[in-house]
Amino acid sequence: MGRKEKGRSTFDLVQIQAKLEQAPEKRFWRGLEELAGTPEYRNFLQCEFPHDPRQDEKGVSRRDALKWMAASAALAGLTACTKLPTEKIVPYAQQRPENFVPGKPLFYATAMPLGGYATGLLVESHMGRPTKVEGNPSHPASLGAADVFAQASVLTLYDPDRAQVVIYDGRIGSWSTFLTSAEQYRADLLLRKGAGLRILTGTVTSPTLADQINSLLAQFPQAKWHQHEPCNRDSTREGAKLAFGEYVSTVYHFDQADVVVSLDADFLGSGPGALRHAHDFSERRRVTSPQSSMNRLYVVESTPTITGAMADHRLPLRAGDVEAFARALAEGLGVKTGAVAAAVPARVPPDWIPALVRDLEKHRGACIIVAGEQQPPVVHALAHAINDVLASAGKTVTYTGPVEANPVNQSTSLGELVADIQAGQVDTLVILGVNPVYSAPADVHFVQNLLKVRTRIHLSLYDDETAELCHWHVPEAHYLEAWSDARAYDGTVSILQPLISPLYDGKSAHEVLAVLAGQEGLSGHDIVRDYWQRQKPAAGFEAFWQRSLNDGVVAGTALPAKPVKLSGTFATQAAKVGGSQGAGMEIVLRLDPTVWDGSFANNGWLQELPKPLTKLTWDNAALVSPATALKLGVTNGDVLKLRSREQEVDAPVWITPGHADDSLTVHLGYGRRRAGRVGTGVGFNAYKLCASERPWVSRVEVQKTGKNYQLVTTQHHHIMGKEGEEVEEESVAARQRSLVRVATLEKFRQEPDFAREEGGEKAPSLYPGYKYDGNAWGMAIDLNSCIGCNACVVACQSENNIPVVGKDQVARGREMHWIRVDTYFHGGLQNPETYNEVVLCMQCENAPCEYVCPVAATVHSPEGLNEMIYNRCVGTRYCSNNCPYKVRRFNFYLYADWKTPSLEPLRNPDVTVRSRGVMEKCTYCVQRINAAKIAAEKEDREVGDGEIVTACQQTCPTQAIVFGNINDPNSRVAKLKAQSRNYGLLTDLNTRPRTTYLAKLRNPNPEIKE
Amino acid sequence: MSPDGLEKTAVEARPPVLAPGHTYASITDKISSIVLLQKTKRGWWFGFAVAFTLFMVLNFAVGYLMLMGVGIWGINIPIAWGFAIVNFVWWIGIGHAGTLISAFLLLMRQAWRQSINRFAEAMTLFAVASAGMFPLLHMGRPWLFYWLMPYPDTMGTWPQFRSPLVWDVFAVSTYGTISLLFWFVGLLPDLATLRDRASNRLAQITYGFLAMGWRGSARHWQRYEMAYLLLAGLATPLVVSVHTVVSFDFTIAVVPGWHSTIFPPYFVAGAIYSGFAMVLTLAIPLRQFYGLEDFITLRHLENMAKILLATGLIVAYGYVMETFMAFYSGSTYDRSMIMNRMTGPYAPVYWLLITGNIAIPLTALWSAKIRRNVAALFVISLIVQMGMWLERFVIVVTSLHRDFMPSAWGMYYPTIWDWATFAGSIGLFLTLFFLFIRFLPMISIFEMRGLVHQVKEEKA
Amino acid sequence: MAQIFHRSTNTISKLMIYGLVFILGALAYLVYAVNQSPYFTDVNVPRQQPVPFSHKHHVTDDGIDCRYCHTSVEQSSYAGVPATHICMSCHSKLWLNSAMLEPVRASYASNASLEWTRVNALPDFVYFDHSIHVSKGIGCTTCHGPIGEMPLTWRANTLYMRWCIDCHKHPERSVRRREDVFRADYVAPPDQLALGRRLVKEYKIKDPKQLTDCYTCHR
Amino acid sequence: MMRHPLYGLMAEFETTDDLLNAAQRAHAAGYRRMDAFTPFPVEGLAEAIGYHKTHVPLICLVGGLIGCMGGFFLQYWPNVFGYPLNIGGKPYNSWPSFIPITFELAVLCAGLATVFGMLALNRLPTPYHPVFNAPRFELATRNRFFLCINARDSRFDAQKTREFLQSLNAREVSEIES
């Protein structure tokens, strides 16, 4: 049976960290520098976990030996007995750290910056190593939830491909030589007052970093600071400026909105605050009785998104046509747009806009119009104007001063940098944490110009495309390794505290900037703490600091609402700025829902995560509508040559129901040249098609190449048929089998029991059945809340040590996710209603998997869990055949990565790592159940409701998943199951699933006929 | 008598079960000489070489399998069972004819069983060996196979006796054991014959050791015949139970296309169908190659063809009822399963199976001419075996690939290793069979002597 | 016709066939015996350690409580092997010059861990929790044996699953009063079964069905 | 007991009818310790030499009963007492599920009992046997039929018995050494 990482084998790691405890900061270690001379430290550099008994054996590792032994013994037919190998115990030498009980996890609050914006997190630490990320309930952007990127970030921390050493001129250097050189650069620059120095960062919200840069710019008045974030949000920024004459940040309060209109905005799925948006939005969809009310969502979008899938009315419209739609809507509501006459795009049904206008006017003050990042500033401005005219501004939509430390038009900023280089005004370029060689728009010709700079210094997590072209490359500390701070979408500041000393001697941007500022040797901790010490009175600072660290938020830092006024020149400006795309094919470039801007390209969890709706993994593709595919004469996998702005890429087609016609979506973040062993060479690089002006949408010429490329999905394997009729076949079957039950709010009010089965849930049985009179674990999933964001999938993967199998294995249908998001369509493929359904082990009371197992490796617990005992499993796979829900996963090969030592500390020590030939599946996170039960029993009490939270439930931004004891009538889950919308999947098989669903409701506008 | 003359008379009248003119001595000498006196034929060496090469392919495929895991096959979720189970059911089906011929026809006092029972039994054993290998190989962790056996272990755990896979373990091992005993008991007097005919010391000792000192005593014969009859009485229900249990592997499950009460009878019929086809496939070249047309006459071939026809009709009934029930039951799952079989991605396989199992053999075998046409029978027997293999493929794969959850539908594409293991199992079977015809009497000598005696008495 | 075999082969061959039963039986017993032998189970085999630590001396002679060293036994799944620091809390005053304790002093001085050989090991797919056993009245010696009499520590029980299950099926045979849990010299009273049944109720020890549930130990 | 130097007298016949006739006559003449050897089972021969009943069916029945009861117990005990587990909501004693194995084990034990019972009753294996000393006895597995009267028969007399046998149309009568 597979060995799992247990605490005892990492006592030694802990011991090194124990040494670090001697450092001045008591609870958190700062760095390994003071240890750099010791033999342990050198050992530590070689392999992250010295004295690991597994590595001590030279040559053939014990694991390999066991593998061979197993194979040869199987051939010889004798493995009657296996003797346990002798193990070593390596306890601490010195006293243990405070609060530290071996075998007990600790949680620390920190935050993860993404695109500059922070999401508050609680990170679980086992024996000094972070293993699992959870949302921080007291953080406004999280409220306890975490998105796929946060969940997967812990894998990036342990990524063996991260940059590990300082590189100078292509050779291995050291931090100390960097310090020496930096001294010289600094001396040079001081003489020139910083002339020629340029700093390039991503979006910065960190008050400390901004302070550092500003004081650096004070030292070097001739130096300049540029910003470049691949997802630069320029449209949002400029849209606000267009509307209000100044940069402001917008805060949406979806929990107060009755009607929401999205103008190509995926506000539930991406962007700062998406988790909070999802939470607030779903609050208005929690229908508990026929009397409950529900919000209404209109989505106008080109690319199908999870937000569009939640829409009560969704209109597929080319991205270039959204502006005309917005103008027409604005005019309908009485906003002066300045345009002569807004021509409504032909694709908009005639009754749409009038009905929408009436609906909005009916709900004045409780509406939100939100524009998407792909849309030009004018659409954002129009959205602001509509919100204003509907009296929503100040109620459902509030404005604050900019959250960013220095809001600029980043496209312009990068353009200026390149112009300066061309003018020969730049000789030292410091690039902090971004990868512009990969992500800069093609028309700025960044690479040619970068090479003209005399000294190029780059700090990043990976030795990436930019690092390759820089003189100095300094490995960056992961956010779980470094001190920092960052603001959330509403301005709330979190202090980022490290959970582990840098594995690869990484440095934070703070530390590099400190070197440039002549404060070398200042640690990240000192820098951040010093900054905050300057902001707060000395008295009570320690308490403030401890509380901020403990809570994960700095109290009172949310930015206050700011009164804004539509600028008087808005109408004329709006008319000027607008520009339609006209006819022809358009291309929409979007951030990828799984690898983001490409910075997660080497994260196997995210690469293998099926993208929402398309279920594509391990690739990006050109998404087109079925009609467009027919028009182009292509089907899935056919490679198109896309030519736009003198650049071209080859892209395989994926037919996406509900996509706007004559439009084509391509996700960014792929085609990395130097991502690492996982991400290099995966997909194609669509940044080549970006331009600084209007980067996300442009016209495109499309040409068939006649080539074919294998795209891999976890669902819709059968979309091969022309026009995708086989997707339809799946969805039709799903409907016949009542897998997704749906009604309009109106129908639900008339017929609250519409989802109930006639007698199905308690079908008669010949057998008496078991009584579950103690705890009876069950789960309810509210399909009305679930947005299909995938966070649960990655959370489960992280919690349960689920391996990544790779593209070829996914192609064979061997993905390992214990929880999956199924997507079904209804009502044609041009604009179908889209339903997401989270499927995990149903924990059937009459589990069909159990009675076919020949060795009782899957049995039922007295609390109703369908147990899977990995060490007993012999791998006949009969259980999977007999599972109607197909939630079981099999280790066809040795999928668990035992070879990469750096991945071992990542594993959850409370969950067995499965070996080859073993079936596995969702356990309702039994490790959490057992921990809570043991804790309760020691205190001589029952487990309380909410005490056990499964990993999927914990991270769910909409709280669609609720777990608990169904025998306790007061538990949340029992109350949900008592609702009339409750139903089970395939209950006609008399499986009696413990996981049930609450039927989905839609709230369409009766005035719109579809 | 020349074979040509025999064929001529055969068409006109029912051919005899034993060509006339044979005595105790001629039969004894003819059959034992194949083993003892004849030089190993070139053809045998060639056939053996081919079979052995395939057997080595099996060893290589299994070695690689042990090293890498079952991932080398095309299986996945949802199609977690692939070729391994298809081959298992196919082989175990083939393994049904031997025991049925020996046991069932013995109970029915059918005289035509005598000349075919021995090699049919041997075929059964080798088919069971080939079959028995697959459940072990298809396990994710085959080195733990013994967990399926009940024994007091250090864990205090037991097999899960409700699982049809455990039933399989007992059914197949019982079937293998009883078949081996039956075969060995039948061989006992013939081993004594070989012992007494053998001229070299090694053969004397070997056959003598195996013959256990059989001396043909009247008392021994009395007990022997009783034991043989009892074994036949035990083996007949056993043979029915084994394929019934194998069909339980499917019927006990909830999968549409598996969960059906018609499976046991139609599996048993299908097993006999493919088993008799295999007996024909083996008998036709054997009689030709070793000149055994006097013993395995056209009567035998025709009788087997009739059994093919009868069991084939049962199988056809099974297909029809399966389709009928899918629509009659009103179950949406069953209906889409059948529609998917007939029109889905694996429809060509289904129609090929209908052609091979129903259309060709069941139309051809109505004709007495074809039943007595050796070449046609040989071709039909091969077609039936292919058809039966495809039937198992259709049952295993097309039922699984689209079951309850449309989101979990998938496809199965066999890999090179699937094919290698399948071909290798044929190699194992043929290797054993070639060794058998070289070293053991392929026709029961003592029973043929009895047949001569019987014919004599009938004449008298 | 000449005889092929010698007269003696009759006896030999009969012995071979009917003796097979006994031979198989003997083989099965051998496998069982090897599996249960100290060679395999390490039961009763004192293990060499970097420092010849004697539980007998520290527990029986000195009367040190288990929890003095195994600090986390009541809170965590791990009982905790003491840090060198804990050894030195006494040995910085006692036996200062003992050569035997040199590795301990060296460890403390150099801050390098002592590497103990594990005596009681479970496979990694078994999740044993010390704290719950201790809090439900299962004494140390129930599993670890007469630790107070071990000059060098050995494994007292096979720790095989069946051995665990035996107790999980019949907790009343082993449970003791909470105050006796850490007594190394504890001897079960003659009325253990009566006491056990009472304590099982008092401590709310779960039903054997729950205790023998697979997820109790495996996951 | 001292070994007889003479095992018995062996008469060789050419047809089954001669042998049957001889056996019946010998039995009628009062010979009891005798045996016949044939290349295939000859109907009525055992009865002719006075052997009527065989215990093989009883052994088969006992074996079958042991297998049947043992088979059920093998499943019943672990499921109800040994380690009862809730498997898919089925009762501990899921007796319908236990039928296949019960049946298979009954057949297995019955079959094993039958074969080994038959061998044991026949005192097999006996690779060495005095009758193999008879000349031309190898034809007993080809086309000749033998009748042997044991020297320990109370009526046995080397001379008289030889004459008696020769009178039965024996092709040849020979003495067999023990």
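In chain C, 72% of the contacts between residues at least 6 apart in sequence join residues at least 24 apart; two residues are in contact if their C-beta atoms, placed from the backbone, lie within 7 Å. Keep in mind that this is a predicted model, where local features need pLDDT of at least 70, side-chain atom pairs count only at pLDDT 80 or more, and totals for chains, interfaces and linings use all residues. Residues are numbered from 1 along each chain as its sequence is written, while chains are lettered from A and ligands numbered from 1 in the order in which they are written.

**Chain C overall**

- Chain C has 11 helices and 1 strand; helices (H or I, at least four residues) and strands (E, at least two) are DSSP runs, numbered from the N terminus.
- Reading from the N terminus, you get α-α-α-α-α-α-β-α-α-α-α-α.
- Along the principal axes, the C-alpha atoms of chain C fill a box of roughly 95 × 50 × 35 Å.
- Buried residues make up 31% of the 219 in chain C; buried takes 20 or more other C-beta atoms within 10 Å of a residue's own, exposed 12 or fewer, and partly exposed is in between, with C-beta atoms placed from the backbone.

**Where chain D meets chain B**

- Chain D puts 53 residues into the contact and chain B puts in 50.
- On the chain D side, the elements giving two or more residues are β2 (34-37), α2 (45-48), α3 (56-82) and α4 (95-121).
- The largest share of that side, 15 residues, is from α4(D).

**Helix α6 of chain A**

- This helix (residues 175-191) has 17 residues and reaches 24 Å from its first C-alpha to its last, close to the 24 Å expected at 1.5 Å a residue; the expected span is 1.5 Å times one less than the number of residues.
- A:Phe178, A:Ala182, A:Arg186 and A:Leu189 are buried in α6(A).
- Seen down the axis, the buried residues of α6(A) fall within an arc of 75°, so they line one face of the helix; the arc is that of the directions from the helix axis to the C-beta atoms.
- The other side of α6(A) has exposed residues, including A:Ser176, A:Gln184 and A:Leu191.
- Cover for the buried residues of α6(A) includes β7 (197-201), β15 (428-432), β17 (472-475) and α18 (509-516) of chain A.
- After α6(A) comes A:Lys193, with a positive phi near 55°.
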